[in-house]
Amino acid sequence: DDGAVVKMYIDMPESVKDATVDCSFDRFSVRMLVKKSPPGQTYGLQIKDREGWILEHERNDGFAHEIIPEKSKYRVSSSGERITLTLAKKDDKEAWHELRKKDIRSTIPR
């Protein structure tokens with residue numbers, strides 16, 4: 001949590017400096033594919049909310065809070081060994097104590 005943004009750091013198992021990165025953001029999710037030049041590896045990351053929710057308390061998985069997809073971005077480090085995702089918060093005053101939304105039912109004692 002860094003004020004108006006949240007940063008995610010993804011350490012890669014090898015340099016991806018010259019790889020093709022396809023990264024898309026949505027209100028509560030991100031999908032990233034990193035493709036090394038042929039015949040190289042493909043790496044992926046996906047954080048996605050479950051489909052079919054209507055009310056906030058029904059939403060599971062995905063980011064804990066809403067982001068602004070158009071202002072969110074990624075950056076590959078100069079060494080290519082790390083990718084930084086910068087998530088623009090919809091509410092920049094809201095602190096993110098968790099990255100992902102938990103299923104509220106898992107916290108209810110039985």
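D11 counts as exposed because its relative accessibility is 55%; exposed means over 50% relative accessible area, buried under 20%, and partly exposed in between, with a 1.4 Å probe and protein chains only. This is a predicted model, in which local features need pLDDT of at least 70, side-chain atom pairs count only at pLDDT 80 or more, and totals for chains, interfaces and linings use all residues. Residues are numbered from 1 along each chain as its sequence is written, and side-chain values use heavy atoms, with hydrogens and water left out.

D11 is found in strand β1, residues 5–11. Strands here are DSSP runs of E, at least two residues, numbered from the N terminus. Leaving aside neighbours within four places in sequence, D11 is in contact (heavy atoms within 4.5 Å) with E81 and R82. With R82 there is also a polar contact, side chain to side chain, at 3.1 Å. Such a contact is a pair of N or O atoms within 3.5 Å; within protein, one must be able to donate a hydrogen and the other to accept it, and residues adjacent in sequence count only if both atoms are side-chain atoms. G80 lies 69 residues from D11 in sequence, yet their C-alpha atoms are 9.2 Å apart.

Now the sheet. It is open, has three strands in the order β2-β3-β4, and pairs antiparallel. Two strands pair if DSSP finds at least two bridges between them. β2 (20–26) and β4 (42–47) stand at the edges with a single partner strand each, so one side of each has no neighbour in the sheet. β2 and β3 (residues 29–35) pair over seven bridges. R31 in β3 is the bridge partner of S24.

Note on methods. Helix = DSSP H or I, 4+ residues; strand = E, 2+ residues; numbered from the N terminus.
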